[in-house]
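Here is a walk through one model, with an eye on how its pieces pack. Have the viewer open as you read.

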Amino acid sequence: MKEILAKLLNHEELSREEMKQVLIGITQSEYPNEQITALLTALQMRGVTVDELLGFRDGILETGVPVPLQCDRYIDVVGTGGDRKNTFNISTTSCFVIAGAGYKVAKHGNYAATSTSGASNVIAQHGVKFTDDLDQLNRCMQEAGIVYLHAQLFARAMKFVGPIRKALPFPTIFNLLGPLVNPSQPSCQLLGVANLDQMRLYHQVYQRLGIDYGIVNSIDGYDEISLTGPFKVTTNQYERLFNPADLGFEPAKPQELVAGATEQEAKEIFDAVLENRALPAQKNIVLANAAFGIQVLEQGRKPIEECIAIARESIDSGAALRTFRKFVELNS
């Protein structure tokens with residue numbers, strides 16, 4: 001570790017393999033907390049490279065619990081978090097809309113860090129019990145078309161750095177890793193990022209990983225498609241700036257996206273969207289995010305208007321709600 005820190009102080013970049021070995025060393029308690037703190041601080045001050053991020057990803061996946069799903073093609077829809085907008089569970093709701101449309105989904109998530117309700121909060125609010133049982137996960141994928149992977153059951157490395165991350169007053173490389181360490185390693189991902197610097201970083205990461213991806217950012221700082229103004233989308237096929245009107249949607253007001261003050265309030269919005277009784281803006285936001293996820297799954301072969309229609313049918317027909325109820329039944 002002293003050699004690693006010396007390299008960072010000398011403004012050198014670390015290799016993917018070096019970072020992987022450092023992460024494994026952290027899980028084996030090889031380094032004192034002071035050295036780990038120095039490492040995280042130095043990386044944050046300089047900015048993390050693609051190889052450094054991939055190295056930590058490799059280490060987390062190698063030391064974690066793998067989830068080989070008996071399914072060839074499925075997607076995860078996730079945000080980096082940390083935009084401090086306290087939106088309702090847009091990504092999670094979108095996942096059930098995508099699954100309701102007949103696609104496969106492996107949603108990776110955790111409890112909220114900066115908002116009222118994270119993915120795990122809203123799932124648990126419905127009585128779901130998280131599991132790492134592979135047979136149960138595969139059964140759920142086959143019968144409901146969607147599985148939920150609660151991060152704390154799989155990424156064992158995270159518990160070794162939890163206290164350090166809590167003590168530091170700034171985000172670290174670990175805040176960038178959440179979207180990249182789905183233990184089932186999906187071949188498709190829709191990722192929401194809070195700024196364009198992150199979009200560029202993940203764009204390079206996904207190109208190196210060789211997966212089908214879409215990265216979205218609302219220009220006013222949301223780590224998802226908020227429909228509150230222009231938003232940018234980068235995929236394997238294109239890079240484009242959209243306005244809500246381009247998709248046939250009215251602009252949303254920020255207050256229409258808020259999760260509320262309690263987990264129960266966030267749950268109510270989640271339920272309202274799936275039950276097709278939400279505010280028009282809430283439904284439209286989920287439709288937009290689900291549609292771009294569907295487009296990623298279709299490798300860009302369907303125009304976004306068709307993908308919106310597919311997502312809309314999933315809600316309007318009750319398929320998304322039936323999918324969610326089946327998921328709850330299988331996991332309670």
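## Helix α5 and its partners

Helices α5 and α11 run roughly parallel to each other, a label for angles under 35 degrees, with over 145 counted as roughly antiparallel, 65 to 115 as roughly perpendicular and the rest as oblique. This is a predicted model, where local features need pLDDT of at least 70, side-chain atom pairs count only at pLDDT 80 or more, and totals for chains, interfaces and linings use all residues. Residues are numbered from 1 along each chain as its sequence is written, and side-chain values use heavy atoms, leaving out hydrogens and water.

Helices and strands here are DSSP runs numbered from the N terminus (H or I of at least four residues for helices, E of at least two for strands). Axes are lines fitted to C-alpha atoms, for helices over the stretch in contact, and angles run from 0 to 180 degrees between N-to-C directions.

| Pair | Residues | Angle | Axis separation |
|---|---|---|---|
| α5 and α11 | 90-100 and 263-274 | about 25° | 10 Å |
| α5 and α13 | α13: 304-316 | about 95° | 8 Å |

With α13, then, the arrangement is roughly perpendicular.

Which residues of α5 meet α11? They are Thr92, Thr93, Phe96 and Val97, and on the α11 side they meet Phe270, Val273 and Leu274; contact means heavy atoms within 4.5 Å. For the classes, Ala, Val, Leu, Ile, Met, Phe, Trp, Tyr, Cys and Pro count as nonpolar, Asp, Glu, Lys and Arg as charged, and the others, Gly among them, as polar.

Over at α13, Phe96, Val97 and Gly100 of α5 meet Ala311, Ser314 and Ile315. The tally there is four nonpolar, two polar and no charged residues.

## The cores

A nonpolar core is a set of buried Ala, Val, Leu, Ile, Met, Phe, Trp, Tyr and Cys residues joined through side-chain atoms within 4.5 Å. Buried means under 20% relative accessible area, exposed over 50%, and partly exposed in between (1.4 Å probe, protein chains only).

The largest core has 71 residues, and Ile98, Leu247, Phe292 and Phe327 touch the most other members. Helix α12 (residues 280-297) gives the largest share of this core, eleven residues. Look at Ile98: setting aside neighbours within four places in sequence, its contacts include Ile75, Val77, Tyr103 and Val105, plus Ala290, Gly293, Ile294 and Leu297.

There's a second, separate core of 44 residues, with Leu53, Ala157, Val181 and Tyr202 among them. Ala157 sits in the loop between β3 (146-150) and α8 (158-167), and is buried at 1% relative accessible area. Beyond four places in sequence, Ala157 is in contact with Leu23, Thr27, Ile60 and Thr63. From Leu61 to Ala157 is 96 residues in sequence, but 8.9 Å in space, C-alpha to C-alpha.

## Two loop residues with positive phi

His11, in the loop between α1 (2-9) and α2 (16-27), has a phi near 65°, a positive value in a residue other than glycine. Leu227, in the loop between β5 (212-218) and β6 (231-235), isn't a glycine either, yet has a positive phi of about 60°. Are these residues buried or exposed? His11 is exposed at 67% relative accessibility, whereas Leu227 is buried at 1%.
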